[in-house]
Amino acid sequence: MSDTNTMTLNLKIWRQASTKDKGQIVDYVLEGVSPDMSFLEMIDMLNEQLVAKNDDPIAFDHDCREGICGMCSLMINGQAHGPEKATTTCQLHMRSFKDGDTIAIEPWRARAFPVLKDLMVDRSAFDKIIEAGGFVNVNTGNAQDANSILIPKENADLAMDAAACIGCGACVASCKNASAMLFVSAKISQLALLPQGEVEADQRALSMVEKMDELGFGNCTNEAECEASCPKDISISNIARMNRGFLKAAVSAKTK
Amino acid sequence: MSSSTQSFSRSYFLSSVVKKQIMAVTGLLLCGFLLGHLAGNLLIIISPDAFNQYGHALVSNKPLLYTAEAGLIVLFLVHLCMAAKLTVENNTARPQKYYIKQKTGRGATFASSTMPYTGLIILIFLITHLNSFKYGTIYMTTIDGVEMRDLYRTVMEFFAQPLGAAWYAFAMIAMAIHVSHGFWSAFQSFGFSHSKYTPLLRKAGIAYAILVGAGFTALALYGYIQGVQA
């Protein structure tokens, strides 16, 4: 790695000691950033320098660094997971930036996602929504013979597309209303589209939407910024499916 | 999924999904009203008498008039109150704003991100609009032996003022922007989504917005030009 290829970056990073702390943007200058580094490796590099100076390293969420776990987050220059389409922060590389660039890095911001420290937020609101109904609760029996449960190819594809959601929260972060509808609709759709999940589809839609509202997420205004920011390209057609599923469930009483 | 015995209840009305559906149904019905209103107004271009006779026919049928007015007031108030409630809730959902927020350029449009503002312009317009026309200066005229209000004259006097015509045109452009997002959005809120028809619906929304926007603006322009020539 020759020095001529490296970049110097002006970083504006949100520092916040705890949930109760007010927090502020702190400026850092980072030299010697290779374009081949991932965005998180760039923060690792800064953190090594901070630790060497006995400063508090910047806290941020990450796990697999392969774009599949949903742990990494970060608003990068005002965009969830940065400027690239269908890319998680860990899969974003520094070649997307130029020498001398100023990069603002902030945590997801939503009432339902309180900041824990620096760039880390508490996303357990998503877990609570899943707990409200994002599972199959009926006995599906033993493994069936192949092709004994027929599923249209289109439904299998749509369910698989919805199931690609990694629950990172970029939809909430990018939505001007901090709405969780893309996440919730993907979790409702991946089950409702398949025979095992269809049995409880009505109650699931009611319970999960009710929980989402209770947790203080905003309302959808059909702007599709969520879809545009989603690292897994989840379509807002899932939101439409949830909307009609909810309405159907709400008007059809299963009791006498 | 604990509440398996739940039936349709009050809480569904207050859910985020149904609130949007209430916005959708009231919005679409108001879109229908707008088309009817435009069609009636275009009589101004045909002849003053045709416009006045149309207006007279509307106000003469009291049961129809009051039913329509009551319906419109309800639609408008529900749309407005729900919009206010949703906007407040949406602001509360993100108490701390971003230091920098940038749109992706792949989702939100100018129309979609300005809905509360264009909505507010329409509200202010509506008040001034009723004040200038419905409750404006009353002139009388006699057509075929029937005495009726000369609404044509009231309208034309309003449009003859540059500020009047400009404000009207400005509000109608804001309204066109508002419905260009609202029309398609209403279908999405109800859950209508189809790979083939949804793109068509989005185009239909824009075509509808251009039609009503251009139609009403053309009337203001027509009135202003008539005023200048007079």
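Keep in mind that the model is predicted. Over all chains it holds 16 aromatic pairs, and a search of the whole structure turns up two cavities of 30 Å³ or more.

**Helix 1 of chain A**

- Helix 1 of chain A covers residues 39-52, and its 14 residues should span 20 Å at 1.5 Å a residue; the end C-alpha atoms are 20 Å apart, so the two agree.
- Its buried residues are Phe39(A), Leu40(A), Met42(A), Ile43(A), Met45(A), Leu46(A), Asn47(A) and Leu50(A).
- As background, an α-helix has 3.6 residues a turn, so residues three or four places apart point the same way.
- What do the buried residues of helix 1 of chain A pack against? They pack against strand 1 (7-15), strand 2 (24-33), strand 3 (75-76) and strand 5 (102-106) of chain A.
- After helix 1 of chain A comes Asn54(A), with a positive phi near 65°.

**Helix 7 of chain A**

- Helix 7 of chain A (residues 201-214) passes the length check too: 14 residues at 1.5 Å each should span 20 Å, and its end C-alpha atoms are 20 Å apart.
- Ten of those 14 residues are buried, so helix 7 of chain A is largely enclosed by the rest of the structure.
- Gly216(A) follows helix 7 of chain A, and its phi is positive, near 90°.

- Phe133(B) and Phe159(B) make an edge-to-face pair, at 6.1 Å centre to centre and 75° between the planes.
- That pair ties together distant parts of the chain, 26 residues apart: Phe133(B) is in the loop between helix 7 (115-132) and strand 1 (140-143) of chain B, while Phe159(B) is in helix 8 (residues 151-160) of chain B.
- Phe133(B) and Phe159(B) are both buried.
- They belong to a cluster linked by ring pairs, together with Phe125(B), Phe158(B), Trp167(B), Tyr168(B) and Phe170(B).

**Charges over rings in chain B**

- Arg153(B) puts its charged end over the ring of Tyr139(B), 3.6 Å from the ring centre.
- Arg202(B) has its charged end over the ring of Trp184(B), 3.9 Å from the centre.

**Cavities**

- The largest cavity holds about 90 Å³ of space.
- Which residues lie nearest the centre of the largest cavity? Of its 13 lining residues, those are Cys165(A), Gly167(A), Cys168(A), Cys171(A) and Cys230(A).
- Helix 4 (170-174) and helix 5 (181-192) of chain A are the elements that give two or more residues to that lining.

Notes. Residues are numbered from 1 along each chain as its sequence is written. Chains are lettered from A and ligands numbered from 1 in the order in which they are written. This is a predicted model: local features need pLDDT of at least 70, side-chain atom pairs count only at pLDDT 80 or more; totals for chains, interfaces and linings use all residues. Side-chain values use heavy atoms; hydrogens and water are left out. Helices (H or I, at least four residues) and strands (E, at least two) are DSSP runs, numbered from the N terminus. The expected span of a helix is 1.5 Å times one less than its number of residues. Buried means under 20% relative accessible area, exposed over 50%, partly exposed in between (1.4 Å probe, protein chains only). Contact means heavy atoms within 4.5 Å. Rings of Phe, Tyr and Trp (its six-membered ring) pair if their centres lie within 6.5 Å; planes under 30 degrees apart count as stacked, over 60 as edge-to-face and the rest as tilted. A charge sits over a ring if NZ of Lys or CZ of Arg is within 6 Å of the ring centre and within 35 degrees of the ring normal. On a 1 Å grid over the protein atoms alone, a cavity is a set of points where a 1.4 Å probe fits but cannot get out, and a pocket is an open set with protein on both sides within 12 Å along at least five of seven lines; lining residues have an atom within 4 Å of a point. Grid points are joined across faces, edges and corners, and a volume is the space filled by probe spheres set on the points.
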